[in-house]
Every structure is written in structure tokens, then in C-alpha cells.
Amino acid sequence: MYTLSNRLRLFSIVLMVVGLIGLIAGFAQRPGSIQEVKEMMAAHDAHGGGHGDTHAVSDGHAKNTHGEEDAHGGDAHYEHVLHQLQNKPWAALYVAAFFFFMIALGVLAFYAIQFAAQAGWSPVLFRIMEAITAYLVPGGIILFVILALSGFHVNHLFVWADPEVVAHDKLIQGKVGWLNSTGFIIRAAIFLGGWLTYRHFAVKFSRKQDEDTTGNKWYKKSFKISAAFLVFFIYTESMMSWDWIMSFDPHWFSTLFGWYVFASLFVSGITTIALITIYLKSKGYLDFVNNSHIHDLAKFMFGISIFWTYLWFSQFMLIWYSNIPEEVTYFITRIEDYKLPFFGMLVMNFIFPLLVLMNSDFKRVNWFVVMAGIVILCGHYVDVFNMVMPATVGESWFIGISEISAVLLFLGLFLFVVFRALTKAPLLAKGNPYIEESKHFHY
Amino acid sequence: MASKVIHALYIDDDILMDAVKKVRSEHYHIEEVYTPFPVHGLDKAMGLPHTRLAITAFMYGCVGLTVAITMMNFIMIEDWPQDIGGKPSFSYLENLPAFVPIMFELTVFFAAHLMVITFYMRSKLWPFKEAENPDVRTTDDHFLMEVDATNKNVDELTSLLSDTGAVEIKVIDKEEDNH
């Protein structure tokens, strides 16, 4: 049995408190009027430096085009920035909430695949996966609340939720049958309800199988429910990615977006399994996990990173090639305003894992896997950032107090929930029929 | 030079793996193992050096990448400049995304095909080659371990092999190395 150390409990609570305070500060710092935006930007420009220069240039641009018109014309730019800055803490909250939720969701899908494929290597890791998916409950509830607030236009994250915008937008009007607040919330409830139901029963069956010494009754139930879940999951995950991410840019669409988001959440989930396994092993638990298990997880990290890049490139190349204005604008915004995160993400999610995890021997060296894992997780946070921020914050983005605090808040919650869930059951799923094969797994 | 080998036949790959480890720990030299399918981990158990095929694969991949870049630069940019995707930049670098799939495919193509050919040559497998395996049953369901018995106590080795679960043991005198 694992016991949660007081240091880890305290650490996660401190993270949550610091994150919450920072986030409240981030919301309090939002400018309330155009006047405040002007003061903020003036103060910011006075600092000089790289950022100040670009702002100064865009200010000059605004003056050149609007300067000779009345004062309201010049204020249009500031009003735009005002809306973006008012969105910023919300968007930061949303990115972090979704990122940690998608880790747990990726692990849930990986767990279901292990059962459906009757994998023999992984049952020693099942309790870790079950613990990570425990985050789906609080994470899902928080995400649902944020989605409900956004869907009913309490904040301005989704432009399609603003009736004023829809009234003047023919393209969104054509999509109202799908993109409306009520449907959005009902679908979110169905997705989350389905995933949480599977999680509840899969964990229950796995625990019951531990006590069942006579047969594999509960294991067979796990197998059936996992196969059914995977069918449900691949449809709902795809729709979830349209609703929760792609609809930030309601004019734009990509047919492989669901797969793209899936690759991102899958690799993040597998990486988290590897990191937590290595952490627990370093604390002296999990003596039945050998370095072949780590090797296999690292192979998945390597492979799914390349799969992610394949989908990223497939999406990018076709849109770049055809150069259709309403499609290519998605990438033009990202390349012009988000150059560093956009290309930095490719380095972190593709080139770094490719080089570090290519060698077979490196995949069983713990600190190599941890190093690659941390970079991959940061890279996929930036990936979500790149998907959400351009449509909500635009060129007014920067990694500030809201972004960092939101990550700390959800990291604290994630660690707290996951490691508390680890204490709830023995670390070895001893009833699983493949447990002996898994213990002796050797590559 | 006259040499003597023992052929021990097994019917299960797990028993074979344990036998290989046992025979090697007793300091006998295993010349070769003939199996009907690749047995995972057998190369490690036999103490064979790591394959250098990966190095050749890397070199072939580099050749493929170079061929792809040179070929497309000549065809699409120099010889008959193409307007790619409505972006008439006539520059290889600015049109790079369009070339990436071909660069990738040719890298894989060269690496895979040349690696297979290298593997066949290195394993002495070419057309009209006479089969070397000493017993036809190794192409069906038997595993054969060939142990060097020159200047060794044959009875001792035979009893060791039968202890490891061999179903059939044959002592073979070779007049000369005929392969």
C-alpha cells in the first residue's frame, strides 16, 4: 500500500493556494476600461525591450490609419486590446484546466486499450493508471463549470456564444444548429458522463477482480466495458475537440482535428504514467516494475510524439498548400503572432523526443525518460496554448501571472487527487489474469 | 581439419532458451542455432555481438534524403520551375512543406530496401543458394542447437544436453568446413 507523505500533501496544497491567489490577482488586474489599457500599454512601452518595440510599432500603425479620423477611430484598437486582456485570465484558466483534464483522459483511453487488447506487459501499471484517471472527476466538474460559464457568455471565450456577433455573421448563423449554448452544455454533459461512468465501473471491476480467486468474472466484465468505451470514446473525443477547442475559431475547420487532439492527450497521458511510475519506483514502491516496462512506456512516448507530428504536419501542409483564405488564416495568425510558441512546440514535441528517445538503451535510463517527459508535457501545454490563445487573446498574449498561476493551481490539484487515489488500493492489481506475465515481462 | 559437432534438437523455444543459457554457462561453444521462426532474445542469450544493421540503415536513409532533395530541386525548381500551390517563389526552401512527404518517403524507401538487401548479403542468402540448415525439421517445428565438441568429452556434453530437454542428440564428424 502507498501512503501519501506529508511533504507531498503539503507541496500540492501550497501549489493550489499559490495558484489560486495568483489567479485571483490575474483576474483583479484585468483592465476595466480603455483608459486603463492606454495606461498599461504606456507603462509597458516605457520599459523598452523587445516587447515594448513591437507594441510601439503597432501603436504607430494605429495612429497612422486612424489619427486623422475622430478620436473614436483611434480607440477601436484599444477597445480590441481591452477585450483581449479581459479574456486573458479566463483563457489561461481554460488552457490549464483542459491540459490537466486531457492528461487524465489520455490515461483513461490508454487503460481501456490495455484491456481491449488483453495486453500482457502492462497490468503491473494498472493501479497507477487508475489513480491518474481519478482526476477526471474533479477535473471534469471544474471544466464543465468553465464550459457552462463560457457557453452562456459569462466570459467572451467563445465568440459564437455572443448573440451580437452571431447576428452579424453569416457563417456562424449557418452553424447555429450545432454551435449553440444549450447543445454545447448537453453534449459536454454526455461526453463527461460517459467517460466518468466507464471510469467508475472499470476501477470497480479491477478492485473486485483482486478478491476473486476462482475465476476471471470481473476481468471479463472489464474487457467488455473497455471495448464498448473505446467505441464511445473515439466518437465523443472527436466531437469534444470540435466543441471545446476548434469552436474558438468558428469559421475555421479541420477534418483531422479530433485525431490531432487525441494524439496530444494520448502522449501526455502516457508520459504522465511513465513519470509517476519512475517517481514511485524511486521512493521504493513498485519493485515488480522492471526497466522493460519503462522501456515500453518510453517507446510509446517516442512513437506517439511522432504520430502527433505526422498529424500536425498533415493538417499544416494541406492548408498551406491550398492557401484558401478562410483556412490559411488559422496558420497565418499563429506564425505571425505566435512564432516562438508555434515553432518552439515543434522542437519540444518532435525534435527533442526524437533525438533523446531514438536510442534503444536510453529508453530504459530513468533520467532520460524523465527529461524527455517533462519537455513533452511542457510542449503539449504549449500546444493547447496555441490552439486556444490566438482566438481568445490574439496578439496580446504573454506568459504572465494568470498563465503560471493557473498551471500551478491545476498541477497542485492533479498531484493531490492522483496521489491520494494511489493510497486507496494495493499498488499491484494481483487478481488480473495477466499479472504473472506482466511481472516477468522482459524485452 | 577434422572437427566434431553435436546437434541437439528441441521442440519448444522456451526450453531452447534455457538450454542455450545452461550450455553457455558450462563454457561450451554454441556454433549456431537453427529455428523455424525468430526467437526473441536468443541473440543476447547466445552472446552474439550487437547488429550493425542500424548503422547501415542510417547511412542508406541519408542517401535517400539526398537523392530526394537533389531530384526535386532539379525537377521542380531548376529544370522546369513550378508554381507550387499558387506561391510562385521558385525557391526550394520556401516550398519545403510540399517536398517533405517525398523526402520522408524516399528516406524510408532507401533505408528499407537497401537494408533488406544488406541483410540478405550478410546472411549469405542469394538466389539459387543451397540451404545450410542441417535438418529439414528446423523449417517446421524443431529447434536445432549446434555445439562444438572438438577436443571435448562427448559423453559429458551429451548428458548435459539431454538434461536440458533435448529430444534428439546426434554427434557429427565434419572432415572439413564445407560452408
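Here is a friendly conversation about a predicted model with chains A and B.

Student: Let's start where the chains meet. How many residues of chain A are in contact with chain B, and how many charged residues are on that side of chain A?

Tutor: Chain A brings 7 residues to the contact, and they touch 6 residues of chain B. By class, the chain A side has 5 nonpolar and 2 polar residues. That leaves the two values you asked for: 7 residues in contact, and no charged ones.

Student: Now to helix H6 of chain A. Why do its buried residues line one face?

Tutor: H6(A) runs over residues 136–151, and its buried residues are Leu136(A), Gly139(A), Gly140(A), Leu143(A), Leu147(A), Ser150(A) and Gly151(A). Look down the helix axis: these buried residues line one face because they fall within an arc of 95°.

Student: Which exposed residues sit on the face of H6(A) turned away from the buried side?

Tutor: Picture the helix with its buried side turned from you, a side that includes Leu143(A) and Leu147(A). The face you would then look at carries two exposed residues, Ile141(A) and Val145(A).

Student: Is Phe101(A) buried or exposed?

Tutor: Phe101(A) belongs to helix H4 of chain A. Leaving aside neighbours within four places in sequence, Phe101(A) is in contact with Gly139(A), Gly140(A) and Leu143(A), residues that are among the buried ones of H6(A). Around Phe101(A) there are 23 other C-beta atoms within 10 Å, and a residue needs 20 or more to count as buried. Phe101(A) is therefore buried.

Student: At what angle do the axes of H12(A) and H14(A) cross?

Tutor: Two packed helices are described by the distance between their axes and the angle between them. H12(A) covers residues 291–322 and H14(A) covers residues 339–357, and their axes come within 9 Å. The crossing is left-handed. The angle is roughly 145°.

Student: How many charged residues are in the contact of H12(A) with H14(A)?

Tutor: H12(A) brings residues including Met301(A), Phe302(A) and Trp308(A), while H14(A) brings residues including Phe350(A), Pro353(A) and Leu354(A). Sorted by class, the contact has 9 nonpolar residues, 3 polar ones, and no charged ones.

Student: And at what angle do H12(A) and H15(A) cross?

Tutor: H15(A) covers residues 366–392, and its axis and that of H12(A) come within 11 Å. This crossing is left-handed. Among the residues making the contact are Ala298(A) and Met301(A) of H12(A), together with Val369(A) and Ala372(A) of H15(A). The axes cross at roughly 30°.

Student: What is the phi of His153(A)?

Tutor: His153(A) lies in the loop between H6 and H7 of chain A, just after H6(A). His153(A) counts as partly exposed, with 17 other C-beta atoms within 10 Å. Although His153(A) is not a glycine, its phi is positive, at about 65°.

Student: Is His27(B) buried or exposed?

Tutor: His27(B) is in the loop between helix H1 and strand E2 of chain B. Its phi is near 65°, a positive value in a residue other than glycine. There are 7 other C-beta atoms within 10 Å of His27(B), and 12 or fewer is the cut-off for the class. So His27(B) is exposed.

Student: How far apart are the C-alpha atoms of Asp148(B) and Pro101(B)?

Tutor: Asp148(B) sits in strand E3 of chain B, where it touches Val5(B), Tyr28(B), His29(B) and Glu31(B), not counting residues up to four places away in sequence. Along the chain, Asp148(B) and Pro101(B) are 47 residues apart. Their C-alpha atoms are separated by 51 Å.

Technical notes
Residues are numbered from 1 along each chain as its sequence is written. Chains are lettered from A and ligands numbered from 1 in the order in which they are written. This is a predicted model: local features need pLDDT of at least 70, side-chain atom pairs count only at pLDDT 80 or more; totals for chains, interfaces and linings use all residues. Two residues are in contact if their C-beta atoms, placed from the backbone, lie within 7 Å. Ala, Val, Leu, Ile, Met, Phe, Trp, Tyr, Cys and Pro count as nonpolar, Asp, Glu, Lys and Arg as charged, and the others, Gly among them, as polar. Helices (H or I, at least four residues) and strands (E, at least two) are DSSP runs, numbered from the N terminus. The arc is that of the directions from the helix axis to the C-beta atoms. Axes are lines fitted to C-alpha atoms, for helices over the stretch in contact, and angles run from 0 to 180 degrees between N-to-C directions. A crossing is left-handed if the near helix is turned anticlockwise from the far one by less than a right angle, and right-handed if clockwise.
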